[in-house]
Structure formats: C-alpha cells, structure tokens
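Please open the model in a viewer and keep the sequence panel at hand.

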Amino acid sequence: MHEIEMNPSPKVSIKFDGQTLQANEGETVAAALLRQTHLAFRTTAVTGTSRGPFCMMGICFDCLVEIDGVPNKQACMTYVENGMRVKRQLGAGDTGVFLSDEEDTQ
Amino acid sequence: MSTSKQTADAIIVGGGLHGCATALYLAMRGINCAVLEKDYVGRHASGVNAGGVRRLGRALPELPLADTALSIWRNIEDLVDDDCGFESLGQIKVAENDAELSALKNRAKTVQDIGFSHEEIIDQKQLRELLPAVASHCIGGLYVNGDGHANPYRTVTAFKRKAISMGVRIFEQTPVNEIVRHGTNWLVKSPSVKIEAPIIVNCAGAWGGSIAAQLGDYAPVEAQALMLMITARMPRFVKPVVGSQGRALSFKQFDNGTVMMGGAYQGRAEPEQNNTHLSFNGLAKNACAATAMFPIMRHATIVRSWAGIEGVMPDNIPVIGAGSANGVYHAFGFSAHGFALGPLVGKIITDLIDGGDIELPIDAFRIRRFSQNKDT
Amino acid sequence: MKDHYDIAIIGTGPAGMAAATVASAHGADVLIVDEQPEVGGQIYRGITRQSIKDRTILGDDYYKGQNLAGAFAASNVDHVSGATVWQVSPEREIGISKDGAAHLLTADQVIIATGAQERPFPIPGWTLPGVMTAGSAQILLKSSGITFSNAVFVGTGPLLYLIAYQYLKAGVPIRAILDTTPKSNRLKALPHLPGALSHLGSIMKGWKWIKALKSSGTLFIEGIDDLKITGKNSTEAIEYLVQNKWHRIETSNVFLHQGVVPNVNLAMASGCVYHWNEQKLCWHASTDEWGSSNVPGISIAGDGGGIGGAIAAEYQGRITAYQALYTTNKIKKQERDINVLPTRHALAHEMRIRPFLDAMFRPAVQFRIPTDDATMVCRCEEVTAGKIRASVSLGCAGPNQLKSFTRCGMGPCQGRFCSLSVSELIAEARNISVNELEQLRLRPPVKPLMLAELANLSTFASEDT
Ligand SMILES: Cc1cc2nc3c(=O)[nH]c(=O)nc-3n(C[C@H](O)[C@H](O)[C@H](O)COP(=O)(O)OP(=O)(O)OC[C@H]3O[C@@H](n4cnc5c(N)ncnc54)[C@H](O)[C@@H]3O)c2cc1C
Ligand SMILES: Cc1cc2nc3c(=O)[nH]c(=O)nc-3n(C[C@H](O)[C@H](O)[C@H](O)COP(=O)(O)OP(=O)(O)OC[C@H]3O[C@@H](n4cnc5c(N)ncnc54)[C@H](O)[C@@H]3O)c2cc1C
Ligand code: FES
C-alpha cells in the first residue's frame, strides 16, 4: 500500500471481523479494507475459495460482505459509516443470522 | 433453404415436456415419430417452470393422474437414465389463521371422500418441525408427504435425449406453419421440412389452440406469462415446497441454496414474439408474502426473475385425448401445473394411439367440452 | 422523486450529465439517477471532490470534467444519487432502489447512459484475491488515494497505459508491465492510421505514456503469448510466456485490462436490440443517428451503446437530449436540427480515431477464449471453460441453454463478467460466428434487489390505489 496525499477528510471507525479500522469519510467499505491490505473479503458459496474485490465499480459481486447483519452487500458500493460492523462472508452467509426470527416473535 | 420431405408413423407438434415424453413412449412401442419444435426443446413452459411435482391442492379430476405420475417420477431414472433432479421432500400449504386452517381441513376431507389419503392436516408444532424458519404466527397447514420437485430443463432435456436415443427425430428451430390433409395422412409444413404421417399429436402448449384449429378442433387457450424469481444462494433453511392458503405464493429452496418464488400474478405474454414482460407490482406481492411467512427472507437478494408462456384453459384443467378427426390427439393447455404430469400424459396418449386400455379417467379433459359448451 | 418525468436519464457520466444539462435548459422535467454517490461516471469519478492534492497525477483530461460537472450542477434537474436502477420496462416504467427502498416511476423518454465496464480477462488465477482490473486501481486512486506498490499491470489498450502512467506520476513503484498487445495488430491497424491522424494529439499522448513508462526503468515486456496467475489463497506470482519461455514475477497485486465494452444489461433487459460488432468484439446498440433504440421512447447515449470515449459520450448525450426534447414537444424540429448540427460534426470527428484504436488494441484470442479447460469463465457460479465446452458437445447451443446446463451466468453479476467469453467460446466450439448465436436473455432486476425492498413496493402500490 502506498497512500497518495489527499485533502484531509474526517475519519470514521468501522469493525471488520471484530477488529477496529480507521477509514475516511466518503470512501467505500472496500477501499477502507484494501487500505489495510485485506485483499480477501469472502469465500464462495460453490467451492469455498477466497475472493476479493475485482472491479470496484459494482458489477463483479466478488466483494460481497456482511454489513450490520445483512449478507450479500457490495463492499465497493457501500460507503463507510461510523460504527459499521463488517464481516467476511463465508459461503452463502451465516446460518445463525439467517435463522433468527426475533422481529417476528412479539 | 431446401425443404426435405419425410414420413413418419406419428408427428408431434411442440418440443416441450409433453411432446418429448409422448415421443419417447411412442418410440418405446416401436412407433416411429418426429417432433417439430419452433424454438428449441424446453425453451418455453417446460424448461422454465417452478418444477413442482405435487398432488397437494390439485383439481380433483387431475388427482388420479397426479398420483400415477408421482409413481413414475419416483423411478424417473429408469425411464430416462437421469434422476432429473427429482427430490421428494414433501409439499405444505400453510395456514396463517383459523379461517385458512378450516378451509384446508375441508379440502383434506373432500380429497379423502374421493378415496385419496395423501393430504394430511398438521398442527403448529408439526409445522414448525417441518419448517423451522416459518413465521411464528402460522398455525398449521396441509401436508403431503412424497410430493416434491424436479429440475425442469434437465428433465425435458433428459426426455429429449432418451427419445433421440430411441430413434425419434427431433427438429428444432422448425415452426409448423401449416397442417393439411394428404389422403389419409396429415402433411405438416415448416420452412425446412415437410413430414407426413397418419397420426398427429398437438403438444403445442400455449400455442395449442391454433394447432387444434388447423386440425378441426376448438379450444380457447389463453397464453399467460407466469412469473418466477430466484435469490442468490442462501444457507439451506427449508426443505419441503411451501404454498400458502391465504396468499399467492409458491416457495422452494433448491439444493444449491437458491430460493425460488412465484405464484398467481401474471406478467404480459406475447406468444407470437416468444416474448414476456414482467410486472414488478405482482412480484412485489409475492415478495410480501414470502417475507411475511419467512422473516429470514427479508435480507434475501433477488438475482433474477423471468416469466414463461403457459397455455391456460378457462376451466384450469388441460386438454388430453383424441380430437374429432382421424389420427388427431391433443395434450396441451396444462394451465400452470402440467410439469408434474409430463411423464404420464405421454403414456396416456401413446395408449390411446396404440389402442391400449386407458386405466385412468380422462373424460374431463376432452377437447369437445369447449365446442359443446359453445353450442349450447 | 416524482411519479412521472418528461425525461429520465440513467447514469451521471459525461453522456448523462450532458443530456441532463441540455434537457433541463429547454424546460423539460428531468430526472437523473446514478448508483454512485457523486457525479462523473467512470472517467470523471470524484471530480466534484477532487481530493488528490497533486493535480498532475490524474492529468488535464480528468479535470476537463469540471466544466461538464459545473454546468450540470447549475442545471435544474432532479438528481438522485446512490440509487440503482434495476429495470426500465418497454413501457418506460423505471424501477429504482435507494436507501433500502424500491420505487417505480415513469417517464415519456428514457436515456440510458450506463457507460462501459472492463472486458473480462479470463486467464488461470484471475479470480484470486489481489487480482483486480486496472480500472479498480484507478478508482482506488481517484477516490481514496490508495495505490499498491510493486503491482504488475497486464494487458493492452490506452486505459492500461494511462493508469500505469498515473501510478508513475503519483510516484508509486510498478513491478512490471506485461503488454499483451499482439505484434500483428500493428500491421492490421496501419490502414486505419490515416483516419486517426486527425487525432495526432491523442496518439502522441499515448506514445508519451508508453515512453515515460519504458524510460522510468519499469520492467516493460511486450509480446506476451500466455499468462497465469498463481497463489494459494491470494496472489503470489504471475507467470508469462514470451518467445516460448515462461518467466515468473512474484507479486501480491495484479491489475488486468484489455479494453472496455458497453455495459449492456439495463438496455438489453428493456428490449433494446444489440448486435455483435466484430471489430470491437462486443455488443453494440442498434440505434439510429439520434441514439434511439427499437423500443419507443428509449435511447442510449455514451459508452453503454458502443465505445467512443468520454468526449463522444458527451456529444451523444447532447444529441439524444435534443431528440428527447423534440419528441416531448419541448422544441421544434428546426431548433433541434440547428442545435445538433455542430455536435454531429464534432462527434464524427471524435469517432475517426476509433477504427485505429480497435485494430491496434484488439485483444488476443487466447486471452478472450481460454485455451486451458481449467480456467474459470463464470466467476460467480465457478464454471470453467472445459465445462462449457463439454456442454456444447452435449448439444448446448447458446448462452441461454448454458445457464440451464451449468448455471453459467446465473449468479449475482448476471453475466457481466462471463457473457462475452461465453458467447465467443460457444461460437468457437460450434464453429459459427457470434452473430449466429442466440443472445443471452437479460431480465430485470438487472441488479440484485433485496426481497424486503421489493415487498415494500407492494405496500406503496396498494396505498396508492
Ligand atoms: C413460470 C411457470 C411455473 C410453473 N410451475 C409449475 C410447477 O411448479 N409444477 C407444474 O406441474 N407445472 C408448472 N408449470 C406449468 C408447466 O410448466 C406446463 O404446464 C408444462 O411445461 C407444459 O408443457 P408443454 O409441453 O405442454 O408446453 P411447452 O413447454 O410450452 O411446450 C410447447 C412447445 O410447443 C412449441 N410450439 C408451439 N407452436 C408450435 C408450432 N407451430 N410449431 C412448432 N412448435 C411449436 C413451443 O415452442 C413449445 O416449446 C409452470 C409454468 C410456468 C410458465
Ligand atoms: C473503470 C473505468 C475507468 C475508466 N477511466 C477512464 C479514464 O480515465 N479516461 C478515459 O478517457 N476513459 C476512461 N474510461 C472509459 C469511459 O467508459 C468513458 O470514457 C466515459 O466514462 C464514458 O462515459 P459515459 O457517460 O458513457 O459512461 P460512464 O462514465 O461510465 O457513466 C455511467 C454511469 O452510469 C451509472 N450506472 C450504470 N448502471 C447503472 C444503474 N443500473 N443504475 C444507476 N446508475 C447506473 C454508473 O454508476 C456510472 O456513473 C474508463 C472506463 C472504466 C470502466
Ligand atoms: S468489486 Fe466488483 S462488485 Fe464490488
């Protein structure tokens, strides 16, 4: 990683798999993770191999992560927000999250 | 293009599941046949449907057929050398309130009264056991053990391949433009081939009405665009095929984790152009039903939706049987539930052609029902 | 957002911005939507923020976008950013998703200006983490100032050299540039040189980038015949074949690029007809001189219809806007024609360099149609070239049937990164031309849509009625 000098922008902090990262306001989740040289964002649902962002413009869907409990989010199209919880997406996603029915049981 | 001229014992118009299955059964009896398909085999309803193989909720006249068809599905590999992705994980129609549950109870009783015992009422606890992810307000349902689903395109392709291996000639990209009498034969014309045979079977699906007209029969078939949508892969959370008593929904998860949904709402069909258009207001209602019944579906992402052109009859049951002229047979207009019957109807038509006994009651499906109604 | 507009435009790249500016200036009620939070499209990404301190890094061509973005900002249009358009129906019903909610609205005229994407580059290892498109490198640079030292740039085409040059200007060390331009292209491009000479400036600029890269001491290797990227869970090395000898460079970052192709999904799903362009090896919109498609009321402007570059995109945006104004009775025929004439001339001039560029940077066949059967073609469903060839030998005749045979093209990218390779691969295996194949049938939603969003649509719909 080699950072080019930019006009200063406010910082936000996000969590990636539990670990806290600093990011610049106005940048994508993918950019924030790549800045920390996290290249692999997920494993595929078909064979479980590692993948990371490829196109950075929203068309390849290889940057899918889980954001605040929602799977299949495009990291390259989602902008960082303070306190965001980002998780690597393993396979088709986390069954635990999927199977909870909490909002349904009053 | 030069037009080749050929003969056969039987000609089948339409290379959907019914056309291919009929061809296969005829070939197994040594009856030499040719299938003419205007696009490619499985291009329409047979290749793009939801794959449901069910007795649950079937119109009563279809029940004996659906029951017999299921026994073929269970051994489908013996017939076509491919399991067609058939899985028998049951089908459930869910009730969300007492009124729905009592409607289901009535249905179960009606079915029992005509001698079938496959539909059983389940309570909330049994429902939860079968569908752990179902919303907690659902109170029970109607369950059929043994129903299931198969992979449509794989199925129709397996029938096609097996038919070809038995000597059936299948002509794709070959629209039948004209059918005329030629002595005691039917002469079928398309741009690339002319074929004549004493027997002709109309398996033209949504286009069956115009083929019937050329053969001297009348059937008011409507081409409808039935819509489906499918999600990205999800962890497996539901096994049986799920329907709803109170909402329009058919819902199933495949082995690979994708979830398919649809039901009731139509897009717009342009059968002449082979084209369909989707209605997102309709799909939105399916989405509403799916998220209400399975809260975990809220975060599911839809990656594709499509519509298939299906022939629907005014009374929602198909046309199956002989036509009025000699050598004419029909099997079309399956009204949104003909995939499950595919492996059986070809056999029925073959029995009719081959002069064998028909064990199953098919009178309700005769094509004359429409012209009789018209006359009175 | 209103329920209905005179003119709706999708995309705020140069084509969309130019169209919106013209359309609103003549009193049309205009909506413009883009899934990015900022205007600029691909070339002028981040132009309104301009976060990079050193303006020489991105160069003058980039900052030219300021004028366009300035005029656009001053115009009176409904600009909805961060919103994805997932359908334009033939009746011009537009499905938009923003902030987790879906909306449907309509317009009398729709201008689709969805731009380009990079061409797939299916080689062994192209799915490994650490392998990205060169465009990605530029996006990271433009919007976040992020670069990767000692990356390897691989491929062909002006954009590849430009981005590598931007790295050079930014002082980022490049491990190597592996140029895959086939040597024989030069000869084939020669007949088109006279036409291109009217763009001597652009050609010289390209030479300048390449010269600067070569003289910078960066390893610059030409005549690459084969490639593979290796690594276990992420990129470890790239291997390349040159003059019958394999070489290996260790690196964690590879940037691939072999040209850009139209982003066709939205327009095709609307029913707009595209045809195969053998010179450009991609789909081209079958539009008339006004950018109008076969679907009444839908036109296509910019790189989404066919690659012409940013300046051409801007001109096409203007032309389609004038036609949309005319068809919605905002201007008279004469006013349309007078306004469009100079733009038409400028567009014709702009396009003169294209045949030369197309021939010069035509990607080699082995990098479009994988020779190694183990190479991944469909990244989403992990379908290899071998599996596709096997399906063809089982009777699979085209990309639609291939979906049913293998699930190829059925993942979330909806064929964006496989359909060109698939079409060429099947055509080659069947020994016919791509034109003779049935095209991939695309359907809305052209971008994945959350079920909850779709479900909300139904509550809105029932409240309305
Ligand atoms: C979206 C959808 C979901 C469905 N879900 C289910 C389900 O879950 N379970 C179920 O049991 N059923 C389902 N169905 C219904 C089922 O798919 C159909 O009833 C069944 O496939 C009909 O088969 P077919 O062979 O009669 O018709 P088709 O498959 O439509 O075949 C008819 C063929 O005839 C050809 N043809 C027409 N005219 C000519 C001509 N002039 N010359 C040559 N060829 C011609 C057509 O091109 C077509 O290929 C569904 C249907 C759809 C559309
Ligand atoms: C990654 C990349 C980098 C490039 N960099 C350069 C460069 O530096 N210099 C150069 O000369 N050329 C560059 N190009 C070429 C570029 O395509 C054109 O020069 C120019 O940007 C084309 O303008 P346009 O208006 O047609 O499309 P674009 O500028 O691509 O704009 C299209 C816009 O449409 C939006 N969009 C697409 N689909 C949807 C949808 N469904 N819903 C909502 N919005 C949507 C996109 O977000 C985008 O903002 C680049 C191309 C790519 C792919
Ligand atoms: S990196 Fe391609 S979609 Fe995000």
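**Between chain C and chain A**

Across the interface of chain C and chain A, 14 residue pairs are in polar contact, both residues of each pair having a pLDDT of 80 or more. The model is a predicted one. To see which parts of chain C take part, colour β7 (116-118), β8 (131-133), α4 (134-144) and β9 (146-147) of chain C, the elements that each give two or more residues to the side touching chain A. Of these, select α4(C) next: with seven residues, α4(C) gives the most to that side. Colouring this side of chain C by residue class then shows 23 nonpolar, 18 polar and 10 charged residues.

Now widen the selection to the entire interface. Here 51 residues of chain C are in contact with 34 residues of chain A. The two chains bury about 3700 Å² between them, and carbon and sulfur atoms give 61% of that area. On the chain C side, pick out K53(C), R379(C) and E382(C), which supply 16% of the area that chain C buries against chain A, more than any other three residues.

The interface of chain C and chain A holds two salt bridges by the rule applied.

Chain A has 106 residues, 57% of which count as buried. Among contacts in chain A with a separation of 6 or more, 41% are between residues 24 or more positions apart.

**The two domains of chain B**

Domain 1 of chain B takes in 4-50 + 153-221 + 315-371, and domain 2 takes in 91-145 + 222-312. The C-alpha centres of the two domains of chain B are 30 Å apart. Where they meet, 20 residues of domain 1 are in contact with 14 residues of domain 2.

The buried area between these domains of chain B is about 1200 Å², with 53% of it on carbon and sulfur atoms. Select V48(B), A50(B) and W207(B): in domain 1 these residues lose the most area to domain 2, together 35% of what that side buries. How many salt bridges does the rule find across this interface of domain 1 and domain 2 of chain B? The rule finds zero. By class, the domain 1 side that touches domain 2 of chain B comprises nine nonpolar, eight polar and three charged residues.

**Backbone details in loops**

Stay with chain B and centre on Q173(B), in the loop between β9 (169-171) and β10 (178-182). Q173(B) is not a glycine, yet its phi is positive, near 50°. Is Q173(B) buried or exposed? Q173(B) counts as exposed because its relative accessibility is 55%, over the 50% cut-off.

Return to chain C and find N329(C) in the loop between α10 (309-327) and α11 (333-351). Phi of N329(C), also a residue other than glycine, is positive and near 65°. With 69% relative accessibility, N329(C) counts as exposed.

Finally, move to P445(C), placed in the loop between α15 (419-430) and β23 (449-450) of chain C. The peptide bond that joins P444(C) and P445(C) is cis, with omega about 0°.

How values were computed: Residues numbered from 1 in each chain as written. Chains lettered and ligands numbered in written order. Predicted model: local features only at pLDDT ≥ 70, side-chain atom pairs only at ≥ 80, totals over all residues. Heavy atoms only, no water. Domains from an automatic or database assignment. Contact = heavy atoms within 4.5 Å. Buried area = accessible area lost by both parts, 1.4 Å probe. Salt bridge = Lys/Arg side-chain N within 4 Å of Asp/Glu carboxyl O. Nonpolar A, V, L, I, M, F, W, Y, C, P; charged D, E, K, R; others polar. Helix = DSSP H or I, 4+ residues; strand = E, 2+ residues; numbered from the N terminus. Buried < 20%, exposed > 50% of the residue type's maximum accessible area, 1.4 Å probe, protein only. Polar contact = N/O pair within 3.5 Å; in protein donor to acceptor, adjacent residues only side chain to side chain.
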